[in-house]
Amino acid sequence: MAIAAGIAVVAALCAGATASAAPLRVGVALDGPRVGNAFATMAVDGAMAAQRAGQATVQVERTPGIPPDPAVLTSLAAAGNALVIAVGFDWTDTVAQVAAQFPGTDFAIIDGSSGTARAAGLSNVTGILFREGQAGQLAGYLAGLTAQADGRSVILGVVGGTRIPPVQRYIAGFSRGARLADSGARILTRYSGTFAAGAGCGTIARQMMARGAATVFSVAGPCGDDALMAAKRAGRTGVGVDVDQSRMGPFILTSAVKRVDMATRRVITQRAAGPLPAGDMRYGLQQDAVGLGRISPRVPKSVRTKVTALERRMKASG
């Protein structure tokens, strides 16, 4: 069930590019903490893959806090980068602000829509969005079926970071999948209000487990890692997010993942070959851009079979 790398898609785009073309100059703007920020790491990995392939020269800068500092985007655009990629939903308004000052530069937002920019009459901003609800649905279905197989009531805890659209799409999908497994499933949901480590996600998870939660789904970045560790210490199970978190141990049933690296590489490849499409680009199961990470050996084969069947149906339906 591990998510495919999407190499064929990128290879096809690369084949259309002119071999003698000069590398595209790309700036990448990150936000949030450097330590534990797997989301940002994936974006940088995708950009660096383009650089190793000779498609781009990459400049990476990081804003010191949230909300992001517009000066970071201004610096990258003023440096002559033809494409500036802002990584994270919190950049949405900032990108629209800076893009107006650099109409000759293309901007892309990973995890954010171009809607704010388009409302301002700008055509040089592209949103890169994911269908997180699809990954969440598969994870919720697996968690619900596993609870049933273990003889437990389907009570699942969800710890969110902030109420931003990507997080809400994950949670809505997870709840939908759990109720597909059991129409009477109870989903206990709370937001910590932050993605920062040590901000109380572990406490939230313990409170949910005290109310019977068999599994904790973390949608809170580094803060959510504390929730997963609380589940491990309590002898319960967890579901990771964004990246494959199976390294934490077999108590991680699976992870709802999205290939930020693939999307970052692809937007660079597309811009190197020509203009980016206006509006937003969306990546989901059909593009192998979302799905499940490694599945724990604790998950019964019968559950794996049902999850695989659901994934096929979802792909077929678009």
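Predicted model: local features only at pLDDT ≥ 70, side-chain atom pairs only at ≥ 80, totals over all residues.

**Exercise 1.** Determine which residues of α6 meet α7, and describe the geometry and composition of the contact.

*Solution.* Step 1: list the two sides of the contact. On α6 these are E132, G133, A135, G136, Q137, A139, G140, Y141, A143, G144, L145 and Q148; on α7 they are P166, R169, Y170, G173, F174, R176, G177, A178, L180 and A181.
Step 1: classify these residues. The contact of α6 with α7 divides into eleven nonpolar, eight polar and three charged residues.
Step 2: describe the axes. Those of α6 (residues 132–149) and α7 come within 6 Å and cross at roughly 35 degrees. The crossing is right-handed.

**Exercise 2.** State how many residues of helix α4 are buried, and identify the elements against which they pack.

*Solution.* Step 1: apply the criterion for burial, under 20% relative accessible area. Six of the eight residues of α4 (92–99) are buried, and the helix is mostly covered.
Step 1: name the buried residues, which are T92, T94, V95, A96, V98 and A99.
Step 2: locate their partners. The buried residues of α4 pack against the helices α3 (70–78) and α5 (115–119), and against the strands β3 (83–87), β4 (106–110) and β5 (125–130).

**Exercise 3.** Characterise the largest pocket and its lining.

*Solution.* Step 1: the volume of the largest pocket is about 780 Å³.
Step 1: 35 residues line the pocket, and N37, F39, F195, G221 and P222 are the closest to its centre.
Step 2: at least two lining residues come from each of α2 (38–52), α7 (165–181), α9 (221–233) and β9 (237–242).
Step 3: by class, the lining comprises 20 nonpolar, eight polar and seven charged residues.

Key. Residues numbered from 1 in each chain as written. Heavy atoms only, no water. 1 Å grid on protein atoms, 1.4 Å probe; cavity = no way out; pocket = protein on both sides within 12 Å on 5 of 7 lines; lining within 4 Å. Points joined across faces, edges and corners; volume = space filled by probe spheres on them. Helix = DSSP H or I, 4+ residues; strand = E, 2+ residues; numbered from the N terminus. Nonpolar A, V, L, I, M, F, W, Y, C, P; charged D, E, K, R; others polar. Buried < 20%, exposed > 50% of the residue type's maximum accessible area, 1.4 Å probe, protein only. Contact = heavy atoms within 4.5 Å. Axes fitted to C-alpha atoms, helices over the stretch in contact; angles between N-to-C directions. Left-handed = near helix turned anticlockwise from the far one by under 90°.
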